[in-house]
Amino acid sequence: MNKKIFIEPLFRNNPITVLVLGICSALAVTVKLEPAIVMALSVTIVTGFSSFIVSILRNTIPNRIRIIVQLVVVAMLVILVDQILKAYAYDVSKQLSVFVGLIITNCIIMGRIEAYALGNKPLPSLIDGLANGLGYGIILVIIAFVRELFGSGTVLGHAVIPAGWYIKNGGFYENNGLFILPPMALIIVGLIIWVQRSISKDLIEK
Amino acid sequence: MDTNKNTYTIIYSIVLVVIVAALLAFAAEALKPKQQRNVEIETKQMILKSVRLVPDAENAPDKAKYIEDIYSKHIKDSTIKAEDSDYGIYICTLDSGEKVYIVKVSGVGLWGPIWGYVALKSDFNTIYGTTFDHKSETPGLGAEINTDWFSKQFDNKTIFDNGEFVSVKIVKGGADKSNPHEVDAISGGTITSKALEATIQKSLTNYVEFFKIMSEKAKSIQPADSLTQPVDTLTQPVK
């Protein structure tokens, strides 16, 4: 059962490609691989623990201020993550700038709390949250890998395209500036969705 | 228990907010020294970068300590009093004993703040080195101002033309290489380039009077300096 909760959001029910949640930050932080990985981990931690905490509190939360309570829990976790990044991963936190703070508004988090954590026990909620964060993270990392490779010719900051290939060194290759700009992230998301739907045909709407 | 009662709702929200606030306040206080140190190290690294002293900081095993060491060895943070105004300035002593004066420039780019440091040689006219950075300029376009190729262009440019302050112009479509007051703009990053030009101009304007006074001083010290040189230079005919 727990295994199924964990596997589903990674592929079959992926928050980005199937539920189409959390697209905005997927465009913004995927220019380079490193910030994308840190962002993916941050979101995973926040979705996991916010689902976990809300699930523990679920029977005590007054229904009328339900959303506010969820927001307070999510905001607290996000601020903690932001503070810790500023203290221990300063360079990356600078690259992510406002997007760490904006995790609060990531639809995946509130979505999972509302749809799952409020009605389920803490442990499955934790797994569900973590898995959804990872499902988001996988797509982020794929997009960032493609964008960094073709946009900057590097992977995790290491040059992978041989320097001799570049036109300025007498070769035939040039980095594609379009990959650095946000629209390319949307196009790559579109391609991933295409691939995924051609693999599992039941995802295609009638 | 009825979780829909008003009193319950109010007490619940108060307790929740107090707990969360206490947690966050504790975390913020506990992490503050570390965060401030990060900012400080970054500033120091940038200042050192403007005089090309930390090219390999990223590979150092303990980056923070490496930067601190070099900084305390070379840089003196001093506010110089000239006439009746104060000027914040960093004085760098190079390995050769040459002194370089670093001033901060800051302003607004296309999407957010841009800033940098300009290092001047002791004639207060020739640029020894520069470094620039930005918060959110367009990647690949305006963001290029923090690259080495861009800041290197400023080396040996001059900011005065016959005693007249002209700053350094960032020229779209290619600068005249022989012009000592021009560098190339970034293609596709015209607005950021223009903004940076204005930033340098505006920030340095505050220092113009000071630069003039200091360069006069430097000139007047010259004859006195020559006395300390070996005697044979003095025996040469006076021009």
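Two residues are in contact if their C-beta atoms, placed from the backbone, lie within 7 Å. By that rule, 75% of the contacts in chain A with a separation of 6 or more are between residues 24 or more positions apart. The structure is a predicted model, in which local features need pLDDT of at least 70, side-chain atom pairs count only at pLDDT 80 or more, and totals for chains, interfaces and linings use all residues. Residues are numbered from 1 along each chain as its sequence is written, while chains are lettered from A and ligands numbered from 1 in the order in which they are written.

**Chain A overall**

- Chain A has nine helices and two strands; helices (H or I, at least four residues) and strands (E, at least two) are DSSP runs, numbered from the N terminus.
- Along the sequence, the elements of chain A come in the order α-α-α-α-α-α-α-α-β-β-α.
- A box of roughly 70 × 45 × 25 Å, taken along the principal axes, is filled by the C-alpha atoms of chain A.
- Of the 206 residues in chain A, 39% are buried.
- A residue is buried if 20 or more other C-beta atoms lie within 10 Å of its own, exposed if 12 or fewer, and partly exposed in between, with C-beta atoms placed from the backbone.

**Helix α3 of chain A and its partner**

- α3(A) has 25 residues and reaches 36 Å from its first C-alpha to its last, close to the expected 36 Å; the expected span is 1.5 Å times one less than the number of residues.
- Because 18 of its 25 residues are buried, α3(A) is largely enclosed by the rest of the structure.
- Helix α3 (residues 33-57) of chain A packs with helix α8 (residues 122-152) of chain A at an angle of about 165 degrees, with their axes 7 Å apart.
- Axes are lines fitted to C-alpha atoms, for helices over the stretch in contact, and angles run from 0 to 180 degrees between N-to-C directions.
- α3(A) and α8(A) are therefore roughly antiparallel to each other, a term for angles over 145 degrees.
- The contact of α3(A) with α8(A) involves 18 nonpolar, 11 polar and two charged residues.
- Ala, Val, Leu, Ile, Met, Phe, Trp, Tyr, Cys and Pro count as nonpolar, Asp, Glu, Lys and Arg as charged, and the others, Gly among them, as polar.

**Chain B**

- In chain B, 20 residues are in contact with 19 residues of chain A.
- The side of chain B that touches chain A has 11 nonpolar, eight polar and one charged residues.
- B:Ile41 lies in helix α1 (residues 6-50) of chain B.
- B:Ile41 counts as partly exposed because it has 19 C-beta neighbours inside 10 Å.
- Leaving aside neighbours within four places in sequence, B:Ile41 is in contact with B:Ala64 and B:Ile67.

Conventions: Angles under 35 degrees count as roughly parallel, over 145 as roughly antiparallel, 65 to 115 as roughly perpendicular and the rest as oblique.
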